[in-house]
Amino acid sequence: MEKFFKNALKVSIASLVISITLYVVIIGLFLLSVVTANIFGTVIKVIVPILTLVTILGFIYSFFIKGKQKIPFVTLHFVSLCAISFGIYLTISFQGFAS
């Protein structure tokens, strides 16, 4: 485990894979609508903080990547953080419409 966290590229790749997987889970649950709104809300309340922390970890580690691979990873993690922030903004903005 110690060697894993010393290699910034591996941590950034793992973070990106976990982020994409969590995005697919969120979108899949939303599109399938096999769960009730209460369960979907609970799942979102659990997944979004994990997604945020994993993305921030990957974003920080991507600054320590050496070479040309640094820019794509920084960009991908930044776009992921922007998507999370925009989603939270929309959730807060439209919260009054749901009630």
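**Helices and their packing**

Visitor: How far apart are the end C-alpha atoms of helix α3?
Guide: They are 36 Å apart, which agrees with the 38 Å that the 26 residues of α3 (residues 37-62) should span at 1.5 Å a residue. That expected span is 1.5 Å times one less than the number of residues. Helices here are DSSP runs of H or I with at least four residues, strands are runs of E with at least two, and numbering starts from the N terminus.

Visitor: Before I get carried away, what kind of model is this?
Guide: It's a predicted model: local features need pLDDT of at least 70, side-chain atom pairs count only at pLDDT 80 or more, and totals for chains, interfaces and linings use all residues. Residues are numbered from 1 along each chain as its sequence is written, and side-chain values use heavy atoms, leaving out hydrogens and water.

Visitor: Thanks. How many helices and strands are there in the chain?
Guide: Five helices and zero strands, so the pattern along the sequence reads α-α-α-α-α. The C-alpha trace spans about 50 × 25 × 20 Å along its principal axes.

Visitor: And what share of the residues is buried?
Guide: Buried residues make up 23% of the 99 in the chain. Buried means under 20% relative accessible area, exposed means over 50%, and partly exposed is in between, using a 1.4 Å probe and protein chains only.

Visitor: Back to α3, then. Which of its residues are buried?
Guide: I47, L51, V54, T55, G58, F59, Y61 and S62. They pack against α1 (2-6), α2 (8-32) and α4 (70-93), where a contact means heavy atoms within 4.5 Å.

Visitor: I see some of those sit three or four places apart. Why would that matter?
Guide: An α-helix has 3.6 residues a turn, so residues three or four places apart point the same way.

Visitor: Nice. What about α2, how long is that one?
Guide: α2 has 25 residues and reaches 36 Å from its first C-alpha to its last, close to the 36 Å expected. The buried residues of α2 are A8, V11, S12, S15, L16, S19, L22 and I26, and what covers them includes α1, α3 and α4.

Visitor: Which other residues does H77 touch?
Guide: Besides S12, H77 touches S15, L16, T55, G58, F59 and S62, not counting residues up to four places away in sequence.

Visitor: How do α2 and α4 cross?
Guide: Their axes come within 11 Å and cross at roughly 35°. Axes are lines fitted to C-alpha atoms, for helices over the stretch in contact, and angles run from 0 to 180 degrees between N-to-C directions. By class, this contact has eight nonpolar, five polar and no charged residues. Nonpolar covers Ala, Val, Leu, Ile, Met, Phe, Trp, Tyr, Cys and Pro; charged covers Asp, Glu, Lys and Arg; the others, Gly among them, are polar.

Visitor: Last one: K70, buried or partly exposed?
Guide: K70 is partly exposed, with a relative accessible area of 30%. K70 is found in α4 and touches S62, F63 and I65, again leaving out residues up to four places away in sequence. Its C-alpha is 9.9 Å from that of A8, 62 residues apart along the chain.
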